[in-house]
Amino acid sequence: QVQLAESGGGLVQAGGSLRLSCAASGRTFSINAMGWFRQAPGKEREFVAAISWGGSRTDYADSVKGRFTISRDNAKNMLYLQMNSLKPEDTAVYYCAAQKFGGTAGFYDYWGQGTQVTVSS
């Protein structure tokens, strides 16, 4: 099994920045692509960003393109999300997720507990 633990959330003013981190533990050798998702109150969980195992390919939701940057450090089993120019509509619980090698394409097998990000106007 793989365990994922997010950190770095908090309260920030609009226009500010936050860096989320996700620490992976357990069978980390089984992790392939990773991603960030978020869920705002009363809304469904939505995709934010994803990154391939080697980091050469990234993908972003249109709503965060140009403001958020996803990265990973496989040697440290860490995933990051740098969030700049934050807006009140970015307020949500942010989740780290991972796909396993050999798993269903596009399906995330492991999830963290989430970290709250609140952006005040």
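So, arginine 19 sits opposite glutamine 82 in β8. Strands here are DSSP runs of E, at least two residues long, numbered from the N terminus. The strands β3 and β8 are antiparallel and share six bridges; two strands count as paired if DSSP finds at least two bridges between them.

Before I go on, this is a predicted model, where local features need pLDDT of at least 70, side-chain atom pairs count only at pLDDT 80 or more, and totals for chains, interfaces and linings use all residues. Residues are numbered from 1 along each chain as its sequence is written, and side-chain values use heavy atoms, with hydrogens and water left out.

Okay, zoom out to the sheet. It is an open one made of four strands, in the order β1-β3-β8-β7, with antiparallel pairing. Which strands stand at the edges? Those are β1 (2-7) and β7 (68-73); each has a single partner strand, so one side of each has no neighbour in the sheet. On average, neighbouring strands in this sheet are turned by 15 degrees against each other, direction ignored; the axes behind that angle are lines fitted to C-alpha atoms, and angles between N-to-C directions can run from 0 to 180 degrees.

Now the disulfide, and the structure holds one. Cysteine 22 and cysteine 96 form it, with their sulfur atoms 2.1 Å apart; the cut-off for a disulfide is sulfur atoms within 2.5 Å. Cysteine 22 is in β3 (residues 18-26) and cysteine 96 is in β9 (residues 92-100), so the pair ties together parts 74 residues apart in sequence. The torsion about the S-S bond is about -70 degrees, so this disulfide is left-handed. Both cysteines are buried, and buried means under 20% relative accessible area, with exposed over 50% and partly exposed in between, using a 1.4 Å probe and protein chains only.

Next up, leucine 81, in strand β8 (residues 78-83). Is leucine 81 buried or exposed? Buried, because its relative accessible area is 0%.

Over to arginine 38, in strand β4 (residues 31-39). Arginine 38 counts as buried because its relative accessible area is 6%. What does its side chain make polar contacts with? One partner is the side chain of aspartate 90, at 2.9 Å, and another is the side chain of tyrosine 94, at 2.9 Å. A polar contact is a pair of N or O atoms within 3.5 Å; within protein, one must be able to donate a hydrogen and the other to accept it, and residues adjacent in sequence count only if both atoms are side-chain atoms.

Tyrosine 94 leads us to β11, where its bridge partner is threonine 115. β9 and β11 pair antiparallel over three bridges, while β2 (residues 10-13) and β11 pair in the parallel sense over four bridges. Last bit: in a regular strand the side chains alternate between the two faces of the sheet. In β11, the covered face has Thr115, Val117 and Val119, and the uncovered one has Gln116, Thr118 and Ser120.
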